[in-house]
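This note sets out a few points to accompany the structure shown below. Please read each numbered point with the structure in view.

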Amino acid sequence: MVYYRFATRAARWLSRKLYDVRVDERSRAALERVDPDATVIFVMNHRSNMDYVLITYLVAENSALSYAVGEWARVWPLSRLIRSMGAYFIRRRSRGALYRKVLARYVQMATTGGVTQAFYPEGGLSLTGALQPPKVGLLSYVVEGFDPEGERDIIFVPVAINYDRILEDRVLIAAGERGDRRFGARITVVVGFVLRKIWRRMRGRDTRFGTAAVTFGDPLSLRRTGKDVPVSDLSEMLMDRIAQAMPVLTVPLIARVMLQAKGPLSEAELLAKVAATLEQMPLRNRVPKPDVLPDRVARATARLKKRGVISEDAQGLQIAAGQEPVLAFYANSIAHFPSEDAAPAAQ
């Protein structure tokens, strides 16, 4: 457990250095009402490899986590940190019957033993920024091994994660445009970039990437839902709860407004349109509050200009040439929330 405690402290430190972390305490309080004898499985959307770090920071104070990982989380040194957080690596493309059987038994034994787990039903990182159709692999193993008459219920806790900045955004967008899942970013470049940010932060400069927000959706009891519910229906129910809990952040709002704009916007026009769009969002999902919204919009706009996503001239703010996919990537995270005159987000 020593290495795990170190990993959780590292996760807390790294999360705070990179982001202004926000958690909906009202939804978090619902976790306190979960049957303490039940097996809890957090079911999350997958936006970034930072998801592993963030959820460890927020949940591991109460219990150790076990979760399946894939993608480029296998790459050193990221793999060492994530493994110390309780992760186990799976081969998503493996079709071997023996491998599948062993993996299923491992998941079922952990569930029966009351081990807190975390699943990503999308099966991988979103390449568009939108929620992806769920896969049923690990979830089917849990349902198959569940005994409705047993001592332990299984409680699925939906977790919605959103960011003002995703470190891998351009890598994911490029993979989506190619139609593959080959991520060309060298991990040394990513780690070096993060370390430079941390060093500047330690010298007193606020170089965080904006907000990273987490909201817990309404828990779902497998015993009450019934084992006979098709796994595909169960996965859709959980993804719907994730969607309804999705935090609405400043950058996705700006992205949505800029993509809908018919021309350049002044800073005042941008702020007014962001505020109006925020008002159309579900109240519980709104992260930036009205009193801090002007500052949040100004900071987020400055970061987007620095990255070359938004440009500004005498006419006002506008999307920089060729940067529509980046803004669409962030706007897609809240595209399932309707608003007046909403432009369809790119998929």
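1. A residue is called buried when its relative accessible area is under 20%, exposed when it is over 50%, and partly exposed in between. A261 has a relative accessible area of 23% and is therefore partly exposed. This residue, A261, lies in the loop between α11 (250-260) and α12 (267-279). The C-alpha atoms of A261 and I319 are separated by 9.5 Å, although the two residues are 58 residues apart along the chain.

2. The model is a predicted one, and the points that follow should be read accordingly. The protein chain contains 14 helices and ten strands. Of its 347 residues, 52% are buried. The accessible surface of the chain comes to about 16,600 Å², and carbon and sulfur atoms contribute 54% of that surface.

3. How much of the contact in the chain links residues 24 or more positions apart? Among the contacts with a separation of 6 or more, such pairs account for 76%. L18 is part of helix α1 (residues 2-18). Its relative accessibility is 1%, so L18 counts as buried.

4. The largest nonpolar core has 95 residues. Those that touch the most other members are Y19, F42, L54, F156, I254 and L270. Leaving aside residues up to four places away in sequence, I254 touches L270, V274, V297, A300, T301, L304 and I310.

5. Two packed helices are described by the angle between their axes and the distance between the axes. Helix α7 (residues 169-178) and helix α14 (residues 324-331) have axes that come within 10 Å and cross at roughly 100 degrees. Angles of 65 to 115 degrees count as roughly perpendicular, and α7 is therefore roughly perpendicular to α14. On the α7 side, the contact is made by D169, R170, L172, I173 and E177, and on the α14 side by P325, V326, F329 and Y330. Sorted by class, the contact of α7 with α14 has six nonpolar residues, three charged residues and no polar residues.

6. Is D169 buried or exposed? With a relative accessibility of 1%, D169 counts as buried. D169 lies in helix α7 and is one of the residues that make the contact with α14. Apart from residues up to four places away in sequence, D169 touches R307, F329 and Y330; of α14, F329 and Y330 are among the residues in the contact between the two helices.

7. Q323 lies in the loop between β10 (316-319) and α14. Its relative accessibility is 14%, which is under the 20% limit, so Q323 counts as buried. Not counting residues up to four places away in sequence, Q323 touches R170, G308 and V309. R170 also belongs to the α7 side of the contact with α14.

Terms used. Residues numbered from 1 in each chain as written. Predicted model: local features only at pLDDT ≥ 70, side-chain atom pairs only at ≥ 80, totals over all residues. Heavy atoms only, no water. Axes fitted to C-alpha atoms, helices over the stretch in contact; angles between N-to-C directions. Helix = DSSP H or I, 4+ residues; strand = E, 2+ residues; numbered from the N terminus. Parallel < 35°, antiparallel > 145°, perpendicular 65-115°, else oblique. Contact = heavy atoms within 4.5 Å. Nonpolar A, V, L, I, M, F, W, Y, C, P; charged D, E, K, R; others polar. Buried < 20%, exposed > 50% of the residue type's maximum accessible area, 1.4 Å probe, protein only. Areas by Shrake-Rupley, 256 points an atom, 1.4 Å probe, with all protein chains shown as cover. Core = buried A, V, L, I, M, F, W, Y, C linked by side-chain atoms within 4.5 Å.
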